[in-house]
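Student: Hi! I've just opened a new structure and could use a hand finding my way around. Can we go through it together?

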Amino acid sequence: MDQLLAPAPLSDEVADDEVSSEPRSLLDRLFDRGLLVRTGVDGLYGRSGDFESVVEAIDRLATKLGAGDGAESLRFPPGMSRPAFERSGYLKGFPNLAGTIHCFCGNDADHARLLSCIEAGTDWTGDQAASEIVLTPAACYPLYPVAAARGALPEAGLLFDLQSYCFRHEPSLEPTRMQMFRMREYVRMGSPDQVLAFREMWLERGTAMMRELGLPIAVDPANDPFFGRAGRMLANNQRAQGLKFELNVPVNSEDKPTACLSFNYHQDHFGTIWDIKQADGEVAHTACVGFGLERITLALLRHHGLDIKAWPAALRERLWG
Amino acid sequence: MVLSQDVRETLKSVAALSETIDGIGDDDNLFDKGLDSFGSVQLMLALEERYDIEFPDNLLNRRSFSTIRIIGETVNKLTLSAAA
């Protein structure tokens, strides 16, 4: 597609073809159309075939955009090693978002107690013990120990292509804030110059991609949602240093647009934690670009309507042509 | 009155600086000497506990923890306002 799609307005007329006396939320309309499927838990949804076809199309676009860069593709399951998770430092910044996998490790008597608790409707989780697996909080977290185990980086550094379901415990009625969602990432490891050049390149690529999808966008400095008072300082530092940018699209509202892509410079944070060295022995710097696959899908549904067969031909060509 | 020596004692509790603090000048930038963001949080919490103060939101930034002199001045202001 050569021409850009004109950004579609954020309009209920576009997104909602049902006439109703009471406005229904975007989430309700997604349920009504069967695009998302209720599970009884806020932020945990099934996806329809149509929804998934958009997710897969965006994933392919991300592949196409990065195809010439020679990234090594790796796919990890949505769980990672608990010791690696602990070492990653995630709990310093986001203890409230983390999800651990607990399992029954008891004996016959414990089993009987568990069943009687369920029967009585009381808490049955007391005998659950933390397993060696935690839920992956971001697609790149399982990568760093793997990269570190290979030894020092080559002079040109390394580039990885990742995609994973991720978990963050933040129940919400905003469909863009799911608890389990997919994140596509490219991760660059190398010198500060190498990783910053990578981030700049993806800022341009990501912006162009979203414009070509006919979405109104803004690129803004951002910070991660660090926990507590200490987190406010981490957030202020992150913004002051220009370490994180997000590509925002109004989805739930104009006032609080949704971050659909993020561009992150970690400096030597992960290099130090995992002892990843550059070819010259200096600590490696890292950066990543993350695509929120469900969020981009929701942005398209919000701006081009819930009937994907009625989307503009140029957009459909771009996604499935 | 909080002296730079007092601040240095607290800085010793921060892993990134515990070994090198004696060679760091009062006006040296601590972030250039190995202090990172998580270390600055650790430092903030240690100062709050030691001096029974609370850093207000407008001071939760890198500058407030950038040098021993600035930390000392900031802590002095906060202890004075706490005593007032």
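Tutor: Happy to! Keep in mind that this is a predicted model. Let's begin with surface: chain A exposes about 14800 Å², and carbon and sulfur atoms supply 53% of that area.

Student: Okay, back to chain A. What is its secondary structure?

Tutor: Chain A has twelve helices and twelve strands. Its radius of gyration is 21 Å, close to the 20 Å that the globule rule gives for 321 residues, so chain A is as compact as a globular protein of that length. Along the principal axes, the C-alpha trace of chain A spans about 65 × 55 × 40 Å.

Student: How much of chain A is buried?

Tutor: Of its 321 residues, 49% count as buried. As for contacts in chain A with a separation of 6 or more, residues 24 or more positions apart account for 71% of them.

Student: What about charges in chain A? How far apart are the mean positions of the positive and negative ones?

Tutor: They are 2 Å apart, taking the 32 positive and 44 negative charges of chain A.

Student: Now a single residue. Where does A:Glu22 lie?

Tutor: A:Glu22 is in the loop between α1 (12-15) and α2 (26-32) of chain A. The C-alpha atoms of A:Glu22 and A:Cys103 are separated by 44 Å, and the two residues are 81 residues apart along the chain.

Student: Is A:Glu22 buried or exposed, and why?

Tutor: A:Glu22 counts as exposed because its relative accessible area is 58%, and the cut-off for exposed is over 50%.

Student: Got it. Which element holds A:Gln267?

Tutor: That residue is in strand β11 (residues 258-267) of chain A. A:Gln267 has a phi near 50°, a positive value in a residue other than glycine. With a relative accessible area of 27%, A:Gln267 is partly exposed.

Student: What does its C-alpha trace span?

Tutor: About 35 × 25 × 20 Å along the principal axes of chain B. Of the 84 residues in chain B, 45% count as buried.

Student: Which residues of helix α1 in chain B are buried?

Tutor: They are B:Val7, B:Arg8, B:Thr10 and B:Leu11, in a helix that covers residues 4-11. These residues cover an arc of only 160° around the axis, which puts them on the same side of α1(B).

Student: Why would residues a few places apart point the same way?

Tutor: An α-helix has 3.6 residues a turn, so residues three or four places apart point the same way.

Student: And what do the buried residues of α1(B) pack against?

Tutor: They pack against α2 (37-51) and α3 (68-83) of chain B.

Student: Last one: where is B:Asp52?

Tutor: B:Asp52 is in the loop between α2 and α3 of chain B. Its relative accessibility is 68%, and B:Asp52 counts as exposed. The phi of B:Asp52 is near 55°, a positive value in a residue other than glycine.

Key. Residues are numbered from 1 along each chain as its sequence is written. Chains are lettered from A and ligands numbered from 1 in the order in which they are written. This is a predicted model: local features need pLDDT of at least 70, side-chain atom pairs count only at pLDDT 80 or more; totals for chains, interfaces and linings use all residues. Side-chain values use heavy atoms; hydrogens and water are left out. Buried means under 20% relative accessible area, exposed over 50%, partly exposed in between (1.4 Å probe, protein chains only). Helices (H or I, at least four residues) and strands (E, at least two) are DSSP runs, numbered from the N terminus. The arc is that of the directions from the helix axis to the C-beta atoms. Contact means heavy atoms within 4.5 Å. The radius of gyration is taken over C-alpha atoms; the globule rule is 2.2 Å times the number of residues to the power 0.38. Accessible areas come from the Shrake-Rupley method with a 1.4 Å probe; for residues, only the protein chains shown count as cover. Lys and Arg count as positive and Asp and Glu as negative; His and the chain ends are not counted. The place of a charge is taken as NZ of Lys, CZ of Arg, CG of Asp or CD of Glu.
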